[in-house]
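Subject: Structure for your review

Dear colleague,

My notes on it follow, and I would be grateful if you read them with the structure open.

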Amino acid sequence: MKILVCISNVPDTTSKITFTNDNTVFNTAGVQYIINPYDEIALSKAVELAEGGKGTVTVINVGDAATEPTIRKALAIGADDAVRVNAQPRDAWFVANQIANYAKGQGFDLILTGRESIDYNGAQVAALLGELLDLPSISIAKKVDIQGNEATIDREIEGGKEVLSVSLPVVIGTAEGVAEPKIPNMRGIMGARTKPLQVVEPIEVAELASIARYESPAPRGTVKLVEDVDQLVQLLHGEAKVI
């Protein structure tokens, strides 16, 4: 089985997020980057499926050379080789087109992404890949089982779950529960240094939308500790005006 895993390079959740140029540009100064956690779940599942010589795992990332430490971590976790499309990931449409351009004709049986990236939370790439590659695409997968040429997928829906059966090849956007993230061991870290990392140039993609500006959330207000019920009711009515 040939598996392609799409990974994003995202800010660590502990990083302080600021913007420059009148809130139009994300400030990368001092920001630590990690593999998008949902993509790491996808990667762990791919490695699990390929264990014991059952398949190969290729990771692909759209980004500049600064993303290569993240790619090397993916190789340390267990991917066999990697591809970096040498371009800034402008938006989901751009990223999906770059990945689809590489994947066409490669004969991948399974393409895995995370359900969304934790920076923009767009949840678009898996669906766009399915459309661009003319493949079935299933997102928010909570469980993935592969038997022969068939995939059985538990998918999260409002108020419950949906169990789907689909023939390979397929694109799947994974969520929590699909696999436990793997921690690279020393052997994996050392081996990642010599695993193949191919750099390819991007294709031209029409820009359909652009970011006008960023806005930070409003700062949290102060907290009042109230022990008296009458006082609580008074505050909710007179100050918060919610009752």
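A residue is called buried when its relative accessible area is under 20%. By that rule, buried residues make up 38% of the 243 residues in the protein. Please keep in mind that this is a predicted model.

**Overall picture**

The protein contains six helices and 13 strands. Along the principal axes, its C-alpha atoms fill a box of roughly 65 × 45 × 40 Å. The accessible surface is about 14000 Å², and carbon and sulfur atoms account for 51% of it. Of the contacts with a separation of 6 or more, 70% join residues 24 or more positions apart.

In soluble globular proteins, nonpolar side chains tend to be buried together. Here, the largest nonpolar core has 37 residues, and Val5, Leu43 and Val59 have the most contacts inside it. Among the elements that give two or more residues to this core are strand E1 (2-6), helix H1 (37-50), strand E6 (56-63) and strand E12. Helix H1 provides the largest share, eight residues. Beyond its neighbours within four places in sequence, Leu43 is in contact with Val5, Val57, Val59, Ala74, Ile77 and Ala79. Another core, of 24 residues, lies apart from this one and includes Ala87, Val95, Ala96 and Leu133.

**Strand E12**

How many of the residues of strand E12 (residues 170-174) are buried? Five of its five residues are, so the strand is mostly covered, given that buried means under 20% relative accessible area. In a regular strand the side chains alternate between the two faces of the sheet. Both faces of E12 are covered: Val170, Ile172 and Thr174 are buried on one side, and Val171 and Gly173 are buried on the other.

E12 pairs with two strands that I would ask you to look at. Strand E8 (residues 110-114) pairs with E12 in the parallel sense over five bridges, and Leu110 has Val170 as its bridge partner. Strand E9 (residues 137-147) also pairs with E12 in the parallel sense, over three bridges, with Ile138 opposite Ile172.

**A patch on the surface**

Val229, Leu232, Val233, Leu236, Val242 and Ile243 form a nonpolar patch on the surface, and together they have about 520 Å² of accessible area. Ile243 belongs to the segment after helix H6 (229-238). Is Ile243 buried or exposed? Ile243 is exposed, because its relative accessible area is 55% and exposed means over 50%.

Yours sincerely,
A colleague

Definitions and conventions
Residues are numbered from 1 along each chain as its sequence is written. This is a predicted model: local features need pLDDT of at least 70, side-chain atom pairs count only at pLDDT 80 or more; totals for chains, interfaces and linings use all residues. Side-chain values use heavy atoms; hydrogens and water are left out. Patches are made of residues with over 30% relative accessible area and no salt bridge: like charges are joined within 9 Å, nonpolar side chains (Val, Leu, Ile, Met, Phe, Trp, Tyr) within 5 Å. Accessible areas come from the Shrake-Rupley method with a 1.4 Å probe; for residues, only the protein chains shown count as cover. A salt bridge is a side-chain nitrogen of Lys or Arg within 4 Å of a carboxyl oxygen of Asp or Glu. Helices (H or I, at least four residues) and strands (E, at least two) are DSSP runs, numbered from the N terminus. Buried means under 20% relative accessible area, exposed over 50%, partly exposed in between (1.4 Å probe, protein chains only). Two strands pair if DSSP finds at least two bridges between them. A nonpolar core is a set of buried Ala, Val, Leu, Ile, Met, Phe, Trp, Tyr and Cys residues joined through side-chain atoms within 4.5 Å. Contact means heavy atoms within 4.5 Å.
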